[in-house]
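Please keep the sequence and the model in view while reading.

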Amino acid sequence: MPARIVVTGVILVIMLGVFVFMVEIFIPVNAAIGFKAECRKALMEMEVEGGLSGAAGDSLSERLAGRGFENVSIDGTPQARQGEDIVLEVEADYTYSALSGLFSRDDRTCRMRYDRTSVSRMVIK
C-alpha cells in the first residue's frame, strides 16, 4: 500500500512537469503574436501618415517595452509620397523564465524581428 502512494506521487509530479513544459511552449508564441500586432499597427499608421514620424516610433517603442520587450530597434521610412514603398524594420529581445529541468528554471531570450514593406496610401474618412 505505501508503494502505491509513492508511485502515484511520482507520476503526478512527472505529469505536472510535462504540463508546465507544454504551457511554457506558448509563452514566446504569445509574445511574438503581440509583437507582430503592435508592429502591424505602426505600419498601418505609417501607410496613412506617409512615413514613420518620431512620435510614432517612440510610441511603438513604449508599447513594446510595456509588453516586456528590451533592446528595441526601430528603422522605418521617414517620409514617402502617396504610392511609394514604405519599410518598417523592428527588432527586439524578449526574455522569459522557462523550465530547464524538472525542478530548475533559467532565463531565455528570443530575438524577434519584423520586416515589412507596404505602400503609402491616402485614406479618406
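## The chain as a whole

Of the 125 residues in the protein chain, 30% are buried, where buried means under 20% relative accessible area, exposed over 50% and partly exposed in between, with a 1.4 Å probe and protein chains only. This is a predicted model, in which local features need pLDDT of at least 70 and side-chain atom pairs count only at pLDDT 80 or more, while totals for chains, interfaces and linings use all residues. Residues are numbered from 1 along each chain as its sequence is written, and side-chain values use heavy atoms, with hydrogens and water left out.

The protein chain has two helices and three strands, arranged along the sequence in the pattern α-α-β-β-β; helices (H or I, at least four residues) and strands (E, at least two) are DSSP runs, numbered from the N terminus. The radius of gyration of the protein chain is 22 Å, well over the 14 Å that the globule rule gives for 125 residues, so the chain is more spread out than a compact globule. That radius is taken over C-alpha atoms, and the globule rule is 2.2 Å times the number of residues to the power 0.38. The C-alpha trace spans about 80 × 25 × 20 Å along its principal axes.

## The sheet

The three strands form an open sheet in the order β1-β2-β3, with antiparallel pairing; two strands pair if DSSP finds at least two bridges between them. The edge strands, each pairing on one side only, are β1 (69-76) and β3 (105-119). From one strand to the next, the twist averages 10°. Between β1 and β2 (residues 85-99), which run antiparallel, there are six bridges, and aspartate 75 stands opposite glutamate 89 in β2.

## Helices against the sheet

Helix α1 (residues 2-49) packs on the sheet and touches β1, β2 and β3, its direction making about 160° with that of β2. Contact here means heavy atoms within 4.5 Å. Helix α2 (residues 54-66) lies across β1 and β2 and runs at about 155° to β1. Axes are lines fitted to C-alpha atoms, for helices over the stretch in contact, and angles run from 0 to 180 degrees between N-to-C directions.

## Serine 118

Serine 118 is found in strand β3 and is buried, with a relative accessible area of 14%. Leaving aside neighbours within four places in sequence, serine 118 is in contact with Leu43, Glu47, Glu84, Asp85 and Ile86.
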